[in-house]
Amino acid sequence: MLDFLIEFPEWLMFNFSDFIDRAFVWFRSTFSFLFEFIRTVLLRSLDSVAAILNSTPWFIWVLAIAGYYAIDYFTKRKGIAWLTVAGVLVLWLIYYNAILINPHFVQMVREMESIPWWFIEQPRTPWTIYIVLVFLGAYSLTEWKTALLLSVLLFLIGAFGVWDAMVYTLGIIVISVFISFIIGLPLGILMAKSLVVEKILRPILDLMQTIPSFVYLIPAVMLFQQGRVPATFATIIYSVPPLIRLTFLGIQNIESDVVEAGEAFGSTPRQMLFKIEIPQALSTIATGLNQTTMMAVAMVVIASLIGADGLGRIVLIANRQIQIGEGFTAGFAIVFLAIILDRLLQGMANKLEYSEAGIDE
Amino acid sequence: MKLIKRLVLVSALLTMIFAVAACEYETDEITLGEGDWESNEFHNQITRFIIEYGYGIDVNIDTVDTALLVQGLREGTIHVNMEMWGDNIPTFQDDLDQGYYEIVSVNFDDNYQGLYIPQYLAEQHEGLRTIQDLPEYKHLFPDPEVSNWDPEVHQAVVHGGPSGWAVTNFLQTKFENEDLYPGLVEHFVFRPSESTTLLNTTMLSAYEDEEPWVGYNWEPTWILGQLDMLLLEDEYEYDADTGAGNPPTQDVTVVVTADFESDYPEIHAFLSNYETSSAITADGLAYMQTEDASTEEAARWWLREYEDLWSNWVTEDAHTAIMDALDTYDD
């Protein structure tokens, strides 16, 4: 009689999966232009980062570093120094994209023998540059011991023989974190400003963090085809929530007297946001960025299931063939990469915290 | 202090509860290994039904990756594999020689594998029938990893199975053999998919959009039963070392661990008779797709449908018991 209270009865079930199937098919065909657009943009950005990481010759890096220190020394303005670095790299990227990998141009140069060979030579970033960069970065953010340790860890990744895979993985991480930042920061601010947005976003963030990533890996392939693009997409889904949450937290937890002081001086909402709230919350946001990066590193392994190359794929294949040593080697390389990124970003967060507290060097 | 005392007490209690709960009774059950493809699931469900109802022994199914499955067979944690694709497992012959496990029967041997294209693509392009024709139709198969793909400059993509499979290595050799396949080496990149799900997803999404696709697959699978795909021929004869030709049909065997025969003589006798074919398997898989049935339902359907076949595999008593058990399900 009351069996239906014990075993779940069939007449109370409805076909949810069928509904999702149909919704997905509709979604995919209706917005195919959008997915194609996102795919192209992501692929382009991934290619650009890969070009910077893989094919930037040493003298560009030396120019960038020297430019940074020179401008920092003469003008004492960090912002302009960083702009210089970005400018050098972007100029290089334009040259690389427009000339070096442009088949028509390469063909043209080959035919005109007056132009020297190195003009179109495919350059390669030397691994030593990375070690120098990590050392300099860590030295300026923390102390020399940490800087030395991080350089050694990076060296070990190369010594393990997984350097190229590491650089590939790093490319996906960089793009994922960058896009997470672009999405996460405004959403976090919106969430702190509006109760409605907060109410809507909270469950969505919970969903993103708890739903098993295997569930959306395959749909990602159906939307973006196989390879780095769905891998990046899946990584972003997994890694953006902490940044949003911590941005939200950072802005919410600003001491009220600071805000009141701002109000008393008659600041407009825009001034309030850019001159008071964001600077005050910077170190929390940096911590969020750190968390996001760690999540991205963790996700990159799983993303290799949908065709992303790199360290994750080595782990996957090693596991399939029960090559324990190989798997652990790549696993340790991932750990080292995570430690390096973590310490650098944490150094940044600490530095921002000091400058917030007014202890400017 | 009080808090600490309480904490210690609670954790001690919890430990005791877990210790009691963790008591395990030794059970007598047979473990079947299972790969992540459907025909394997399907055969396992048939076998499970026959063993559980016909012989009254519990069956446990362990879904693991192929390499782990082989490892399990070696160590005896997995007793039976109903679908051993010996040619795809590098250590297979070695393991047999070492006596880790033994072949008791050939499940089926009329399977095909190789590079497939959708039938609609074959109809649009009459000239595309062999692997040698591929370079001419390169422009159909752009690489999703390259933005602004241009057939003049970039390589086209052929999708492969998971790396580590012997057939993946074979195809990789083919795509590196410049003497026999200069066109393939120059114009194509062979890209392994790290899971069969990924491989099938790229195939299915291309198929749904009626777009060109070329890549590895094998029969019998539900996906090849459901989609209309065409196996590309190869002008050369098969040679494992040079990557020439299409892989020949291979024996997909039933293997059991070394001491299985002494432990379960009756089951061993049943498994020794287990012989089906690709077509019979595909029948069951197609039923699953068209009726939206689970593998268990498909297995029961199959047992009803093919009673004449399997009744020869089992003892008289087991036969009656299985038929009785089938009657209790109303599907």
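1. A residue is called buried when its relative accessible area is under 20%, exposed when over 50%, and partly exposed in between. By that cut-off Asp342(A), with a relative accessible area of 11%, is buried. Please keep in mind throughout that the model is predicted.

2. Asp342(A) is paired in a salt bridge with Arg343(A), and 2.5 Å separates the closest N and O atoms. Arg343(A), at 36% relative accessibility, counts as partly exposed, whereas Asp342(A) is buried.

3. The search of the whole structure finds 17 salt bridges over all chains. One of these joins Arg245(A) to Asp206(A), with the closest N and O atoms 2.9 Å apart. Because Arg245(A) lies in helix α11 (residues 228-252) of chain A and Asp206(A) in helix α9 (residues 195-210) of chain A, the pair ties together parts that are 39 residues apart in sequence.

4. In chain B, Glu126(B) forms a salt bridge with Arg129(B), for which the closest N and O atoms are 3.9 Å apart; the cut-off for a salt bridge is within 4 Å. Glu126(B) counts as exposed at 60% relative accessibility, while Arg129(B), at 30%, counts as partly exposed.

5. Finally, Arg28(A), Glu208(B) and Asp209(B) are joined into one network by salt bridges that share partners.

Methods: Residues numbered from 1 in each chain as written. Chains lettered and ligands numbered in written order. Predicted model: local features only at pLDDT ≥ 70, side-chain atom pairs only at ≥ 80, totals over all residues. Heavy atoms only, no water. Salt bridge = Lys/Arg side-chain N within 4 Å of Asp/Glu carboxyl O. Helix = DSSP H or I, 4+ residues; strand = E, 2+ residues; numbered from the N terminus. Buried < 20%, exposed > 50% of the residue type's maximum accessible area, 1.4 Å probe, protein only.
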